[in-house]
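These exercises are to be worked with the sequence and the structure in view. Each gives a task, then a solution in steps.

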Amino acid sequence: MKDSVEDLSALARRGELDASQQRRLELALQSSSEARLLHRAGLDLDLAGSMLPGDDALAERVKRRVLLRVLPAVAPRRRRLVSWGVAAAAACLAVAAAAGAVTELRPLRALFGLSAPVPPAPVPPAPARQVAAHIVTTLPPSPSPAAQVAEPVASAVASARPAAQSSPKVPAPVDAGSPSELFASAAGARRRGKPQEAIVLYDALQSRFPSSPEANAADIALGMLRLSHGSARSALEHFSRYLAHNPRAELAPEALWGQGQALSSLGRQSEARRSFGSLLERYPDSPYASAARAKLEATKSGP
Amino acid sequence: MGAICRGDPDALRTFLSAIVPQLLRVVRSVLGPEHPDLEDVAYEAAYAVVDGLPSFRGEGTVLHFACRVTVLSAMNVRRRDAAQKRALVRVPTELDDVELDAPNPEERAQASSLAPIVRELLATLPDTLAEALALHVVLGYTVAEIAQASRLPIETVRSRLRLAKQALRKRVLNNPALREAVDAGAEVEA
């Protein structure tokens with residue numbers, strides 16, 4: 001079959017044209033501006049896709065991230081090497097967005113995003129910085145063109161997105177990665193509007209790395225997520241556990257606020273008032289203080 | 001491939017070492033070198049490739065499979081970006097009315113390059129046309145290779161490429177600077 005100009009163009013870009021084909025391509029390009037543009041576009045994209053300095057390191061990072069996600073983690077349980085302040089800062093970011101899903105916390109989003117006293121983190125150690133970076137940069141979801149493309153590729157693209165899904169022959173993502181990777185994946189899922197996936201990942205983090213700082217911080221995110229989905233009892237367990245283990249930790253204000261909210265949802269108003277009162281007493285400058293005060297006022301004047 | 005699917009770490013490392021640089025090139029072609037999510041998209045694409053290997057049926061090379069998965073992944077991101085941008089600036093969604101991106105450093109530096117305009121087309125053309133265009137201009141596929149990869153009749157691929165070419169020409173003609181640069185030294189059809 002006679003080669004079309006597109007075929008000749010493709011072969012030319014690969015350097016596979018013979019002399020006759022080369023002449024035919026030149027003629028075709030001279031006679032059609034559309035063909036000329038398409039050929040030129042291909043050449044420009046070949047140039048744009050060239051390797052650049054630093055690509056080796058970039059490729060290595062990509063490779064490492066995929067390995068971390070696909071291969072089961074073999075590292076022993078980590079000790080609490082990451083500073084609490086930094087882990088808390090990362091968790092604050094997660095909680096701030098999770099808070100957005102809770103109607104009554106919505107006014108506080110601005111405080112968190114703009115002026116909330118995110119715990120100071122002078123020089124974050126790498127793992128925690130990675131957590132924070134992942135929270136910020138994890139990609140939102142994209143609609144897959146799966147419906148209009150051939151099945152194998154389409155399903156590969158589509159199935160790679162939800163972190164909790166995987167082909168049976170490849171280990172599930174929840175089975176892989178460090179605490180910070182899991183935390184970042186969970187935070188990413190939450191940011192992409194996939195709370196159930198986030199919950200699965202946070203749960204996996206807590207069951208696999210129960211003593212990690214990330215697992216601790218995950219209690220707050222899990223509490224907020226469960227609270228926003230009507231699971232007040234489960235949320236209460238998370239907030240209470242966090243407070244039991246870390247009564248003075250950086251996320252204690254969030255835990256107290258969440259505890260009060262959960263108790264309130266369960267109809268345990270007097271206990272909820274105690275949580276809000278404790279929050280006001282211990283953290284009067286917290287972003288939650290005014291909301292807690294309003295809660296106390298409301299329950300005082302309520303039925 | 002079997003070793004990778006069985007979870008052999010060494011096989012997976014070797015495989016990733018071979019394909020990731022290629023995937024980076026593809027992602028950069030589709031998104032542009034300045035895109036902030038380059039690494040993340042390459043990572044997601046590489047994971048998608050590994051995840052999709054069990055469904056790879058040996059049609060074409062594994063590298064072709066990987067590159068095609070990556071093109072589609074990157075196009076998803078490109079289309080999502082375009083949709084978000086449209087929503088933000090509330091421009092009309094009519095294809096011909098959508099303005100090109102405000103000039104960024106890459107576009108300024110490569111004022112005569114068609115790469116940015118192709119990227120725009122990949123984000124705004126209908127899926128089927130965009131995919132055919134991407135497989136041809138990004139991956140350098142011939143018509144027959146596109147037909148095989150997409151499991152389409154050759155004539156369908158030709159038709160899609162023809163429409164994509166028309167859209168490309170229309171875009172170029174709407175851009176005086178680009179038209180001038182592209183037409184330099186070549187005659188333009190009426």
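**Exercise 1. In which hand does α11(A) pass α13(A) in their crossing?**

Before starting, note that this is a predicted model, in which local features need pLDDT of at least 70, side-chain atom pairs count only at pLDDT 80 or more, and totals for chains, interfaces and linings use all residues. Residues are numbered from 1 along each chain as its sequence is written, and chains are lettered from A and ligands numbered from 1 in the order in which they are written.

Step 1. Find the two helices: α11 covers residues 213-228 of chain A and α13 covers residues 252-265 of chain A. Helices (H or I, at least four residues) and strands (E, at least two) are DSSP runs, numbered from the N terminus.

Step 2. Compare their axes, which come within 10 Å and cross at roughly 25 degrees. α11(A) is therefore roughly parallel to α13(A). Axes are lines fitted to C-alpha atoms, for helices over the stretch in contact, and angles run from 0 to 180 degrees between N-to-C directions. Angles under 35 degrees count as roughly parallel, over 145 as roughly antiparallel, 65 to 115 as roughly perpendicular, and the rest as oblique.

Step 3. Read the hand: the crossing is left-handed.

Step 4. α11(A) contributes I220(A), G223(A), M224(A) and L227(A), while α13(A) contributes E254(A), A255(A), G258(A), Q261(A) and A262(A). Two residues are in contact if their C-beta atoms, placed from the backbone, lie within 7 Å.

Step 5. Sort them by class: five are nonpolar, three polar and one charged. Ala, Val, Leu, Ile, Met, Phe, Trp, Tyr, Cys and Pro count as nonpolar, Asp, Glu, Lys and Arg as charged, and the others, Gly among them, as polar.

**Exercise 2. Describe how α7(B) and α8(B) pack.**

Step 1. Helix α7 spans residues 127-138 of chain B, and helix α8 spans residues 143-150. Their axes are 10 Å apart, at an angle of about 130 degrees.

Step 2. The two helices are therefore oblique to each other, and their crossing is right-handed.

Step 3. On the α7(B) side are E131(B), A132(B), L135(B) and H136(B); they meet I146(B), A149(B) and S150(B) of α8(B). This contact has four nonpolar, two polar and one charged residues.

**Exercise 3. Is L182(A) buried or exposed?**

Step 1. Count its surroundings. L182(A) is buried, because 31 other C-beta atoms lie within 10 Å. A residue is buried if 20 or more other C-beta atoms lie within 10 Å of its own, exposed if 12 or fewer, and partly exposed in between, with C-beta atoms placed from the backbone.

Step 2. Look at its partners. Leaving aside residues up to four places away in sequence, L182(A) touches G177(A), L201(A), A204(A) and L205(A). F209(A) is 27 residues from L182(A) along the chain, with 9.8 Å between their C-alpha atoms.

Step 3. G188(A) is buried, with 24 other C-beta atoms within 10 Å.

**Exercise 4. Where in α2(B) does a kink lie?**

Step 1. Helix α2 of chain B covers residues 9-31, and its kink of about 35 degrees is at I19(B), shortly before the proline P21(B). The bend at a residue is the angle between axes fitted to the seven residues ending there and the seven starting there.

Step 2. After the helix comes G32(B), with a positive phi near 95 degrees.

Step 3. Turn to R151(B), which is not glycine but has a positive phi near 55 degrees. Most residues other than glycine have a negative phi. R151(B) lies in the loop between α8 and α9 (154-173) of chain B and is exposed, with 12 other C-beta atoms within 10 Å.

**Exercise 5. How many helices and strands does each chain have?**

Step 1. Chain A has 15 helices and zero strands. Of its 303 residues, 48% are buried.

Step 2. Chain B has ten helices and zero strands. Of its 190 residues, 44% are buried.

Step 3. Within chain B, look at helix α6, residues 115-124, where nine of the ten residues are buried.

Conventions. Left-handed = near helix turned anticlockwise from the far one by under 90°.
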